[in-house]
Structure formats: structure tokens, C-alpha cells
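Hello! Here are a few notes to read alongside the model. Please have a look at it first.

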Amino acid sequence: LKVENPAGVIDFKEVTRILPHRYPFLLIDRVVALEEKKRIVAVKNLSFNEQFFQGHFPGQPIMPGVLQIEALAQAGAIMMLGEFAGKGKLALLMTAEDVKWRRQVIPGDCLYLHAEFIKMRRTVGVVKVWGEVDGEVTTEAIIKFAIVDSSPAY
């Protein structure tokens with residue numbers, strides 16, 4: 001894995017400006033490579049203190065597969081929202097297809113989240129995503145997003 005900028009091309013503060021997610025559901029620590037509408041590489045550093053590790057599974061903590069997909073979707077959303085950033089838009093996960101889990105993700109892992117642009121039609125985008133730890137693929141899928149107007153919080 002060649003990382004263009006280990007310090008991050010988008011830091012945590014900027015990630016929180018782009019994505020509406022917050023603790024404990026924000027699963028991106030920084031973005032280390034980004035080409036708008038082409039590809040992104042983001043990072044999630046996993047600590048034993050992650051809330052989900054406490055119950056999944058005691059004595060053998062594993063990051064839930066659905067949260068791996070969510071983290072990948074968040075990375076893809078950052079890439080897809082490029083032209084819409086700051087314009088009151090959200091990228092909502094519509095589908096995850098051809099999902100495969102290939103390696104467990106555990107405390108101490110640095111999970112690299114990759115997304116590559118496939119296509120965009122109006123407000124629906126499709127990306128290929130995969131997770132990687134120590135050069136091994138952990139998860140892969142094809143994800144479809146809907147770009148929608150964000151509404152005010154309740």
C-alpha cells in the first residue's frame with residue numbers, strides 16, 4: 001500500500017465537516033489519499049476501547065462486519081460528496097452487493113478503507129470498496145449511494 005500522505009490529506013476535523021456522523025458512529029480517523037470521483041483511502045485505527053469490542057465478542061474482540069461495511073461506506077461517501085460538499089447533501093447507503101469478509105479486524109489493527117468510483121447517474125453513485133489490514137483484504141463490496149438533501153435535526 002502506497003500512502004501519499006501518512007499525516008492525512010483530510011484530517012479528523014475536516015472529516016467531521018463532510019460527514020454528519022459522530023461518536024460512536026464516525027468510523028473514519030483521517031483520509032490519506034483522495035482523487036475526487038476516482039478513489040479514496042481512509043484510515044480507522046482500532047483500539048480495544050472501541051465500544052463494539054466490549055460485546056463483540058468478550059475474550060475475542062472482532063469488529064462487526066456490518067461496521068466494516070459502514071466504515072467503507074463513510075469513506076466512499078467522502079469521495080462521492082466532493083462536488084456536493086458544503087451544499088447540504090448527504091450520501092445515504094442504498095445497497096451493498098457482493099459483500100465478502102476475508103479476515104477478522106481486531107483491536108490494534110489499522111484498517112485502511114479503499115473506495116473506487118464506478119459510476120454516477122444523477123444523484124445515485126456506485127463505488128467498489130475494500131478494507132485492508134497489513135496488506136490483507138478484510139472486506140469487499142460494491143456499494144450504491146443516494147445523494148439527498150440533508151434535513152435539519154429533530
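1. In what order do the elements of the protein run from the N terminus on? They run α-β-β-α-β-β-β-β, which comes to 2 helices and 6 strands. Helices (H or I, at least four residues) and strands (E, at least two) are DSSP runs, numbered from the N terminus.

2. A word on the ground rules: this is a predicted model, in which local features need pLDDT of at least 70 and side-chain atom pairs count only at pLDDT 80 or more, while totals for chains, interfaces and linings use all residues. Residues are numbered from 1 along each chain as its sequence is written, and side-chain values use heavy atoms, leaving out hydrogens and water.

3. Now the overall fold. Of the 154 residues, 43% count as buried (under 20% relative accessible area, with a 1.4 Å probe and protein chains only). Residues 24 or more positions apart account for 63% of the contacts with a separation of 6 or more, where contact means heavy atoms within 4.5 Å. The C-alpha trace spans about 45 × 40 × 30 Å along its principal axes.

4. Beyond its neighbours within four places in sequence, T138 touches Q68, K100, W101, R102, R103, V105, L111, G131, E132 and V133.

5. D109 lies in the loop between β3 (89-101) and β4 (110-121). Is D109 buried or exposed? D109 is buried, because its relative accessible area is 8%. Its side chain makes a polar contact of 3.2 Å with that of R103. For a polar contact, a pair of N or O atoms must lie within 3.5 Å; within protein, one must be able to donate a hydrogen and the other to accept it, and residues adjacent in sequence count only if both atoms are side-chain atoms. Neighbours within four places in sequence aside, D109 is in contact with K44, N45, L46, R103, Q104 and V133.

6. Do look at H21 too, in the loop between α1 (12-18) and β1 (30-35). Which residues does H21 contact, leaving aside neighbours within four places in sequence? They are L26, E70 and Q74. With E70, the side chain of H21 forms a polar contact of 3.4 Å. H21 and Q74 are 53 residues apart in sequence, yet their C-alpha atoms are 8.8 Å apart in space.

Methods:
Buried means under 20% relative accessible area, exposed over 50%, partly exposed in between (1.4 Å probe, protein chains only).
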